[in-house]
Amino acid sequence: MHVHEKPTFESNYTVQGGNFDEAGKVASQIKVILKKLGLQTDVVRKAALVAYESEINIVSYARKGTISISVTPGQVKIETTDEGQGIPDINLAMQEGYSTATSKIREMGFGAGMGLCNIKKFSDYFQITSEIGKGTHLKMIINIENGV
Amino acid sequence: MDLETIATCLNLKVFSGFDQLKTEVLDGYTGDLLSDVMANSKEGDLWMTRQVHQNIIAVASLKDHAGIIMVQGAEPAKDTLEKALKENIPVMGTDLSGFEIAGRIYNLLKEKQDITRIDP
Ligand SMILES: Nc1ncnc2c1ncn2[C@@H]1O[C@H](COP(=O)(O)OP(=O)(O)OP(=O)(O)O)[C@@H](O)[C@H]1O
Ligand SMILES: [Mg+2]
């Protein structure tokens with residue numbers, strides 16, 4: 001991993017909890033930027049999914065949050081921090097099918113309990129930490145095989 | 001096969017993306033769970049769903065879908081239509097069930113067109 005390389009691109013985005021009208025906007029912006037940077041389709045596809053699922057989780061389960069992205073020649077790093085209820089049992093939350101989504105959230109097509117699993121599956125590195133009543137932090141890295 | 005051919009053969013209503021109908025459809029995907037569609041659908045897919053909430057537009061756009069078909073007579077919610085028009089994403093509709101429309105599109109894409117056509 002090229003962890004100490006100077007970023008070729010860095011940015012932060014704010015996500016408002018509960019605002020499903022805007023949900024997915026940050027992920028869309030990230031996808032556009034990564035495409036412009038000329039990254040391989042596969043890397044863009046993975047990063048878009050990771051950004052989307054973490055954005056939706058902030059909108060669904062937190063008051064507000066930040067998504068930051070940093071691109072170096074060797075990797076795309078996406079980190080999210082939110083202020084919210086936190087996750088009491090991370091192992092349980094990571095299980096496919098486990099969801100605490102409300103019926104309102106489910107009506108919109110969310111709440112399959114697949115988001116976190118897919119984030120992990122589509123990332124080369126995934127770390128999740130959470131504090132009950134405080135919030136949740138995710139760190140994801142997607143490797144770029146042949147550089148930007 | 002492009003969207004226009006499929007829309008004509010299957011008598012689909014077109015709600016948005018009117019100038020995108022030459023887009024090539026590579027394959028199809030059916031699903032109402034957005035995280036399933038995010039993970040398992042592909043670029044160029046025609047996505048068949050019963051969801052009408054505006055979040056489907058972001059998913060179709062992020063996944064570079066050829067378009068969306070709302071099944072079972074569903075129509076886009078007001079916000080969904082506005083977003084689809086603004087982002088120029090083709091949203092279409094059919095009265096057929098997800099099963100029926102997916103079967104017909106499958107046949108069209110695999111060129112078994114004779115048993116698939118619906119007369120308007
Ligand atoms: N940022 C977060 N803050 C608090 N709880 C969270 C957060 N992200 C996930 N969770 C908890 O973990 C559960 C599983 O999340 P996951 O994204 O895997 O599935 P989901 O959001 O329920 O459904 P899907 O993502 O398939 O639409 C959630 O239902 C919620 O209880
Ligand atoms: Mg989720």
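The area buried between chain B and chain A is about 1,600 Å². Buried area here is the accessible area, with a 1.4 Å probe, that two parts lose on being put together, summed over both. Carbon and sulfur atoms give 54% of it.

A word on the source. This is a predicted model, where local features need pLDDT of at least 70, side-chain atom pairs count only at pLDDT 80 or more, and totals for chains, interfaces and linings use all residues. Side-chain values use heavy atoms, without hydrogens and water, residues are numbered from 1 along each chain as its sequence is written, and chains are lettered from A and ligands numbered from 1 in the order written.

Now, who touches whom? On the B side, 19 residues are in contact with 23 residues of chain A. Contact means heavy atoms within 4.5 Å.

The rule finds one salt bridge across this interface. A:Lys31 forms it with B:Asp64, the closest N and O atoms being 2.9 Å apart. The rule asks for a side-chain nitrogen of Lys or Arg within 4 Å of a carboxyl oxygen of Asp or Glu.

In chain B, α2 (34-40) and α3 (55-62) each supply at least two residues of the touching side. Helices are DSSP runs of H or I, at least four residues; strands are runs of E, at least two; both are numbered from the N terminus.

Next, the sheet. Chain B has an open sheet of five strands, in the order β1-β5-β4-β3-β2, with mixed pairing. Strands pair if DSSP finds at least two bridges between them. The edge strands are β1 (13-14) and β2 (27-30). Four bridges join β2(B) to β3 (residues 45-49) of chain B, and the two run parallel. There, B:Tyr29 stands opposite B:Trp47.
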